[in-house]
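Hi everyone, thanks for making time.

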Amino acid sequence: MREPRRVAIVPAYNEERSIGRVVDELHALDAGFDVVVVDDGSWDATAEVARAHGAKVLRLPFNLGIGGAVQTGFRYAFEQGYALAVRLDGDGQHDPGQLDAILAPVLSGEADVAVGSRFAAGRGDGYRSSRSRRVGIRLLAWVVSRIVGRRVTDTTSGFQAVNARGIALFARDYPHDYPEVEATVMVSRHRLRAVEVPVAMRERASGRSSITALRSIYYMVKVLLAIFVGLFRRNVLPEEGS
Amino acid sequence: MTPLVVSIVGTIVSVALVVVVLELIRSHRLRERYALLWLLTFVALAVLAAWRDGLNTIAGWVGVRSYPPAVLFAVGFVFVVAVLLHYSTVISRLSDQNVVLAQKLALLEAQLDGDAPARER
């Protein structure tokens with residue numbers, strides 16, 4: 001039987017210096033990914049570089065923010081009928097070499113969604129971030145773990161693999177701005193099976209994180225509000241077997 | 001001192017508005033981003049309406065002697081101005097993006113009609 005078609009979704013915003021390497025590394029894998037770079041309204045040469053390295057480029061006319069960019073990729077995957085999608089960031093902090101680890105539970109049918117976590121195996125020491133961010137990450141991890149009923153250590157990780165069911169859900173509804181936290185809750189509310197897989201992440205190859213201290217407080221309040229309200233929402237997809 | 005009826009009605013109305021905003025978010029008719037200012041507004045009004053001593057004290061600070069509930073109006077007014085200002089910036093951004101979308105569409109249509117494929121950007 002033919003291998004199911006796989007796509008790697010790479011959101012990128014002004015990542016001309018790192019995107020080429022990310023695309024090359026993805027192509028070098030045996031996994032056989034079609035690489036789709038979602039250029040989120042970059043003003044540098046991100047799209048041209050990605051295209052030159054052989055990626056399919058979806059170019060947004062202006063910056064939608066990470067949620068809108070990632071969902072563009074999932075919509076593409078859904079319309080093209082991909083059976084499997086991975087998502088990793090264009091700044092190079094997610095190592096394509098570790099994709100096997102997060103793919104495994106999805107390929108074996110154990111999970112619909114697998115997320116790479118920096119903190120799952122006590123590997124957090126290698127990862128530097130500001131104090132306010134660490135406090136925020138811990139608070140979110142606690143709240144989210146409570147709600148979804150399993151231990152989630154890295155709620156903001158965008159390093160993930162999803163099967164067709166996950167693709168369909170994300171194509172239909174994906175949160176805005178700072179989406180991973182809400183997406184984790186959404187996945188659990190839709191009874192999709194999710195697992196966390198320990199991974200190591202690299203330092204960003206270029207650019208800096210778009211999240212500053214004040215913004216992280218705003219995001220924190222917004223995300224907590226979104227999670228709270230989300231608990232009272234009806235599901236967008238029917239449950240399996242219903 | 002604030003009349004008791006004013007406090008009760010003020011609190012009930014503010015809390016009801018909080019519930020309305022939450023319901024709008026739940027049903028996907030209002031994004032969290034735009035709901036936060038409204039929530040802040042109604043929560044502040046609810047607190048001031050329910051906390052009678054606090055309202056009196058604040059009225060004293062800002063020199064309102066005769067009728068403390070006027071502070072409720074003042075606070076509500078300031079918040080509403082903030083929300084409107086925020087919306088003005090949002091509308092401005094949306095119209096800019098709308099222009100970009102229309103231009104992009106025209107360019108794509110020209111390409112489909114058989115123009116030479118456009119150079120990048």
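Let me begin with a term we need: two residues are in contact when their C-beta atoms, placed from the backbone, lie within 7 Å. And please keep in mind that this is a predicted model.

With that in hand, let's go to chain B and its helices α1 and α2. Which residues of α1(B) meet α2(B)? They are B:Ser7, B:Gly10, B:Thr11, B:Ser14, B:Val15, B:Leu17, B:Val18, B:Val21, B:Leu24 and B:Ile25. On the α2(B) side, the residues they meet include B:Glu32, B:Trp38, B:Leu39, B:Phe42 and B:Ala50.

How are the two helices arranged? In general, a pair of packed helices is described by the angle between the axes and the distance between them. For α1(B) and α2(B), the angle is about 165° and the axes are 8 Å apart. Angles over 145 degrees count as roughly antiparallel, so α1(B) is roughly antiparallel to α2(B). Their crossing is left-handed.

Now, where does chain B touch chain A? Here 12 residues of chain B are in contact with 13 residues of chain A. On the chain B side, α1 (4–26), α2 (32–50) and α4 (70–112) each supply at least two residues. The largest share, four residues, comes from α4(B). That side of chain B divides into five nonpolar residues, one polar and six charged.

Over to chain A, and its sheet. Seven strands form an open, mixed sheet, in the order β3-β2-β1-β4-β6-β5-β7. At the edges stand β3(A) and β7(A), each with a single partner strand, so each has one side without a neighbour in the sheet. From one strand to the next, the twist averages 20°.

Let's zoom in on two of the pairs. Strands β2 (33–39) and β3 (56–59) of chain A are parallel, joined over four bridges, and A:Val38 has A:Leu58 as its bridge partner. Between these strands the chain passes through helix α2 (46–52) of chain A, and this β-α-β crossover is right-handed. Strands β1 (6–12) and β4 (84–87) of chain A also pair in the parallel sense over four bridges, with A:Arg6 opposite A:Leu84.

Helix α4 (99–107) of chain A lies across β4, β5, β6 and β7 of chain A, at about 25° to β6(A). Helix α6 (164–172) of chain A touches β4, β5 and β6 of chain A, and its direction makes about 100° with that of β6(A).

Methods:
Residues numbered from 1 in each chain as written. Chains lettered and ligands numbered in written order. Predicted model: local features only at pLDDT ≥ 70, side-chain atom pairs only at ≥ 80, totals over all residues. Nonpolar A, V, L, I, M, F, W, Y, C, P; charged D, E, K, R; others polar. Axes fitted to C-alpha atoms, helices over the stretch in contact; angles between N-to-C directions. Parallel < 35°, antiparallel > 145°, perpendicular 65-115°, else oblique. Left-handed = near helix turned anticlockwise from the far one by under 90°. Pairing = 2+ DSSP bridges. Right-handed = clockwise from strand over helix to strand, strands pointing away.
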